Structures are given as C-alpha cells and as structure tokens.
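Let's walk through this protein chain together. Please have the sequence and the model open as you read.

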Amino acid sequence: MLQGYLDSAKKRVCWHRTGFDRRYNRYSPGVMLYQKTIERMIGDDIDFRVFDLSIGTEEYKFRLGAEEYHDRNFDIVPINENF
C-alpha cells in the first residue's frame, strides 16, 4: 500500500505512508513499491518535478535519488511577557 498526495499543478507527489506484509521484509517491498511507482509515473507523460518521500534521512531514500532540502523555518515565541 502506498498513500500520498498529488498537488493541483501535478508537479509534486508527496508520499507519507507505505505498508506491506512484514513477512516479506527481506525483499524490500517498500523500496520496490516506490521504485515501480516512480517509473510508472514518469512513463505517464506528466511533467513531475518532485517525488517527496517525506521527512527523514533514511538510506533507502538516497538510493532512490533523494536530495535533502529545507522546506520551512519558524520560531516559537511567547505572545507577551505574561505568557
């Protein structure tokens, strides 16, 4: 199972959830699912620019060609001194 989102411009796919039967873990079904899905989407003649594998620096993401990038930055500060 692979679940995610496609932006309205159809330029970015964000996958945030995969699932498979752990009995087959040694065959890397999650990585194979990503790989075959990416291949299929590239072959569909849609001009995808980003396949986002979500947060994390897991090694399999870099085997699939991932690059790290900074998405957002924010500070959490009190509203006033009495907070």
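## About the model

This is a predicted model, in which local features need pLDDT of at least 70, side-chain atom pairs count only at pLDDT 80 or more, and totals for chains, interfaces and linings use all residues. Residues are numbered from 1 along each chain as its sequence is written, and side-chain values use heavy atoms, with hydrogens and water left out.

## Overall fold

The protein chain has 2 helices and 3 strands, in the order β-β-α-β-α from the N terminus. Helices (H or I, at least four residues) and strands (E, at least two) are DSSP runs, numbered from the N terminus.

Buried residues make up 13% of the 83 residues; buried means under 20% relative accessible area, exposed over 50%, and partly exposed in between (1.4 Å probe, protein chains only).

## Helix 1

Helix 1 spans residues 29–43, 15 residues in total. Gly 30, Val 31, Tyr 34, Ile 38 and Met 41 are its buried residues. They lie on the same side of helix 1 because they cover an arc of only 100 degrees around the axis, taken from the directions from the helix axis to the C-beta atoms. On the other side, Lys 36, Arg 40 and Gly 43 are exposed.

Just after helix 1, Asp 45 adopts a positive phi of about 60 degrees.

## After helix 2

Ile 79 sits in the segment after helix 2 and is exposed, with a relative accessible area of 78%. Ile 79 and Tyr 60 are 19 residues apart in sequence and 41 Å apart in space, C-alpha to C-alpha.

How values were computed. The expected span of a helix is 1.5 Å times one less than its number of residues.
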